[in-house]
Amino acid sequence: MVVIEAPYGDAAGARHATAEFLARHCPWADPDAVVLVVSELVTNAIRHAGGWWRLCVRAVQDRLVVEIADASPRPPQPRTPDFGGGGGLGWHMVERLAGLLEVDRRPDGKTVRATWLVPAATGPAAPAPAVA
């Protein structure tokens, strides 16, 4: 399990720690997708939730769970993307990349949880076609 909390970590440290965790414990996961989700969620917590956040990344049975807790009880709000550099892309990317996305609201903040399941086995390999 990886746990990083502000002010002891930043988005770059969260990305690095997540990539190392995936390499060791979840080789089946798409590291680019998971690290991008972590980066976006940590950045959103820094920008929109007062700066305090806690990242927890863990492998539980057949799933990978990434949780970002922050001090704002407001759920993430999708914005119209501004392709001129004004943002609005992050939450849309998180929604597309996470297998399952949940937001647990509390009076003192919220936790955003992204979950990916281990892909189902594809079954036995199909026989190779006969060569004539």
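Here are some questions and answers about this structure, which is a predicted model.

User: Happy to start with the overall layout. What pattern of helices and strands does the protein chain follow along the sequence?

Analyst: Good place to begin! The protein chain has 3 helices and 5 strands. Along its principal axes, the C-alpha trace spans about 65 × 35 × 25 Å. Read along the sequence, the elements come in the pattern β-α-α-β-β-α-β-β.

User: How much of the protein chain is buried?

Analyst: A residue counts as buried when its relative accessible area is under 20%. The protein chain has 132 residues, and the buried share of them is 36%.

User: Where do the buried residues of helix α3 sit around its axis, on the same side or on opposite sides?

Analyst: Helix α3 covers residues 90-97, and Gly90, Trp91 and Val94 are buried there. These residues cover an arc of only 95 degrees around the axis, so they lie on the same side of α3.

User: Let's turn to the largest pocket. Which residues are the closest to its centre?

Analyst: The largest pocket has a volume of about 480 Å³. Its lining is made up of 23 residues, and the closest to the centre are Asn44, His48, Pro76, Gln77 and Arg79.

User: Which element gives the most to the lining of the largest pocket?

Analyst: The elements that give two or more residues to this lining are α2, β3 (63-70), α3 and β5. By class, the lining has 9 nonpolar, 8 polar and 6 charged residues. The element that gives the most, with 6 residues, is α2.

User: I'm curious about Thr111. Is Thr111 buried or exposed?

Analyst: Thr111 is found in strand β5. Its relative accessibility is 13%, and the cut-off for buried is under 20%. Thr111 therefore counts as buried.

User: Which side chain makes a polar contact with the side chain of Thr111?

Analyst: Not counting residues up to four places away in sequence, Thr111 touches Glu67, Ile68, Ala69, Glu102, Val103, Asp104 and Arg106. The polar contact between side chains, at 2.9 Å, is with Arg106.

User: What is phi of Gln61 near?

Analyst: Gln61 lies in the loop between β2 (53-60) and β3, and is exposed with a relative accessible area of 82%. Most residues other than glycine have a negative phi. Phi of Gln61 is instead positive, with a value near 50 degrees.

User: How many Å apart in space are Gly85 and Asp108?

Analyst: Gly85 belongs to the loop between β3 and α3. Gly85 is exposed, having a relative accessible area of 71%. Gly85 and Asp108 are 23 residues apart in sequence, and from C-alpha to C-alpha they are 31 Å apart.

User: Last one: which residues is Gly99 in contact with, leaving aside its neighbours within four places in sequence?

Analyst: Gly99 sits in the loop between α3 and β4. With 61% relative accessibility, Gly99 counts as exposed. Its C-alpha atom is separated by 21 Å from that of Ala11, which is 88 residues away along the chain. Leaving those neighbours aside, Gly99 is in contact with Thr115 and Trp116.

Terms used: Residues are numbered from 1 along each chain as its sequence is written. This is a predicted model: local features need pLDDT of at least 70, side-chain atom pairs count only at pLDDT 80 or more; totals for chains, interfaces and linings use all residues. Side-chain values use heavy atoms; hydrogens and water are left out. Buried means under 20% relative accessible area, exposed over 50%, partly exposed in between (1.4 Å probe, protein chains only). Helices (H or I, at least four residues) and strands (E, at least two) are DSSP runs, numbered from the N terminus. The arc is that of the directions from the helix axis to the C-beta atoms. On a 1 Å grid over the protein atoms alone, a cavity is a set of points where a 1.4 Å probe fits but cannot get out, and a pocket is an open set with protein on both sides within 12 Å along at least five of seven lines; lining residues have an atom within 4 Å of a point. Grid points are joined across faces, edges and corners, and a volume is the space filled by probe spheres set on the points. Ala, Val, Leu, Ile, Met, Phe, Trp, Tyr, Cys and Pro count as nonpolar, Asp, Glu, Lys and Arg as charged, and the others, Gly among them, as polar. A polar contact is a pair of N or O atoms within 3.5 Å; within protein, one must be able to donate a hydrogen and the other to accept it, and residues adjacent in sequence count only if both atoms are side-chain atoms. Contact means heavy atoms within 4.5 Å.
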